[in-house]
Amino acid sequence: MEPAIRADDLRKSYGDVRALDGLSFEVERGEFFGLLGPNGAGKTTFINILVGLVRKDGGTAEVFGFDVEEDYREARDRIGLAPQEFNVDRFFPIHEVLEHKAGYHGVPPAEAAERAAEALKTVGIYDKRDTRFDWLSGGMKRRFLLARALVTDPDLLILDEPTAGVDVQLRRDLWRVIERLNAEGTTILLTTHYIEEAERLCDRVAICDSGRVVEVATPDDLRSRGTDQLHVTLANPPESVPDITVDGVVEYRVEDDGLLVTAGGGRSVAPDLLRELEAAGYEVLDLDIRRASLEEVFVDMTRPGEEAEQLEVLQ
Ligand SMILES: Nc1ncnc2c1ncn2[C@@H]1O[C@H](COP(=O)(O)OP(=O)(O)OP(=O)(O)O)[C@@H](O)[C@H]1O
Ligand SMILES: [Mg+2]
């Protein structure tokens with residue numbers, strides 16, 4: 001079976017700016033997939049190519065096996081998009097906007113009205129159905145964009161920063177809705193700058209930078225590449241770094257109540273570390289492991305050393 005999304009060597013330039021510079025990756029059917037990258041990495045450009053809003057310069061993009069240009073209609077009808085920027089007919093009641101949208105994608109009028117009502121209920125703004133888009137609050141606008149993406153019952157739901165600037169409660173509501181849709185079989189492509197959100201929701205993430213994919217992996221796999229910290233509380237803390245050798249440990253630091261140990265993959269060094277400490281005569285009272293977050297790994301992968309230094313100078 002064809003994957004939900006296949007991107008191969010996609011290229012797009014705006015003048016001198018290479019928005020996409022050989023972007024390639026695949027999203028399997030049914031996956032909850034995250035597309036992460038700093039501002040300007042090319043995420044929205046990629047999404048706009050998938051839905052036919054931007055014409056690529058080179059490479060191929062397919063949705064469920066349909067080429068996004070040659071089989072535009074087939075590809076587009078399978079996608080529901082909640083875009084990063086608001087682009088809504090402002091002058092109609094929002095339920096009408098949804099009915100038009102469904103109609104445009106070939107849904108008959110009676111069914112379109114039903115679907116519009118259902119989508120508004122799903123995102124919790126059914127009581128606002130007769131209001132214009134302009135008169136919704138910021139959070140309601142985000143909800144509405146999700147409803148509009150859902151009204152065509154898409155196989156692939158694309159969410160471009162759906163929770164930017166929304167409150168904690170709404171973020172959790174939106175998570176619940178999209179997790180349910182994914183559990184029911186909808187493939188999801190999510191971009192977000194809340195790395196924690198990707199960590200919590202996504203089966204796999206692609207980290208992109210400067211128009212290319214740097215890495216594709218599960219959040220857990222990526223975290224295991226970061227450095228973890230193990231805080232060991234000892235009954236008899238040492239005066240200086242103890243004379244022990246443990247594979248995987250990068251650094252030992254003496255603290256008032258024990259040791260702070262930095263390691264790659266903290267879970268696996270812990271048994272060896274404890275054994276070595278006890279063999280060297282230390283009594284371990286407590287062990288606290290703080291794993292690297294996806295955010296730390298993400299920052300390491302997407303910000304070259306030089307730029308990071310420049311930012312420090314600016315601060
Ligand atoms: N219509 C356009 N005209 C000129 N340049 C553009 C246009 N659209 C995008 N770009 C440029 O292409 C690059 C990629 O932009 P894009 O919007 O795809 O990034 P993004 O990863 O979505 O970023 P963000 O996280 O800020 O949303 C940027 O340098 C941007 O300025
Ligand atoms: Mg964007």
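Predicted model: local features only at pLDDT ≥ 70, side-chain atom pairs only at ≥ 80, totals over all residues.
## Overview

The protein chain contains 11 helices and 14 strands. Residues are numbered from 1 along each chain as its sequence is written, and chains are lettered from A and ligands numbered from 1 in the order in which they are written.

The C-alpha trace of the protein chain spans about 80 × 45 × 45 Å along its principal axes. Of the 315 residues in the protein chain, 36% are buried. A residue is buried if 20 or more other C-beta atoms, placed from the backbone, lie within 10 Å of its own, exposed if 12 or fewer do, and partly exposed in between. Among contacts with a separation of 6 or more, 68% join residues 24 or more positions apart; two residues are in contact if their C-beta atoms, placed from the backbone, lie within 7 Å.

## Domains

The domain assignment divides the protein chain into domain 1 (5–218) and domain 2 (227–291). Such bounds come from an automatic or database domain assignment. The centres of domain 1 and domain 2, taken over C-alpha atoms, are 46 Å apart.

## Nonpolar cores

In soluble globular proteins, nonpolar side chains tend to be buried together. A nonpolar core is here a set of buried Ala, Val, Leu, Ile, Met, Phe, Trp, Tyr and Cys residues joined through C-beta atoms within 7 Å. The largest has 67 residues, and L50, A147, I158 and L189 touch the most other members. Helix α5 (residues 138–150) gives the most to this core, with six residues. Another core, of nine residues, lies apart from it and includes V232, V261, L277 and Y282.

Leaving out residues up to four places away in sequence, A147 touches L98, A119, L120, T122 and V123.

## Packing around helix α3

Helix α3 (residues 94–104) packs with α5 at an angle of about 30°, with their axes 9 Å apart. α3 is therefore roughly parallel to α5. Axes are lines fitted to C-alpha atoms, for helices over the stretch in contact, and angles run from 0 to 180 degrees between N-to-C directions. Angles under 35 degrees count as roughly parallel, over 145 as roughly antiparallel, 65 to 115 as roughly perpendicular and the rest as oblique. I94, V97, L98 and K101 of α3 meet F144, A147 and R148 of α5.

With helix α4 (residues 109–122), α3 packs at an angle of about 125°, the axes being 8 Å apart. This makes α3 oblique to α4. On the α3 side the contact includes H95, L98 and E99, and on the α4 side it includes P109, A112 and L120.

## Positive phi values

Most residues other than glycine have a negative phi. D9, which is not a glycine, has a positive phi of about 55°. D9 is in strand β1 (residues 5–14) and is partly exposed, with 15 other C-beta atoms within 10 Å.

S210 also has a positive phi without being a glycine, near 50°. S210 sits in the loop between β9 (204–209) and β10 (212–217). With 16 C-beta neighbours inside 10 Å, S210 counts as partly exposed.

Note on methods. Helix = DSSP H or I, 4+ residues; strand = E, 2+ residues; numbered from the N terminus.
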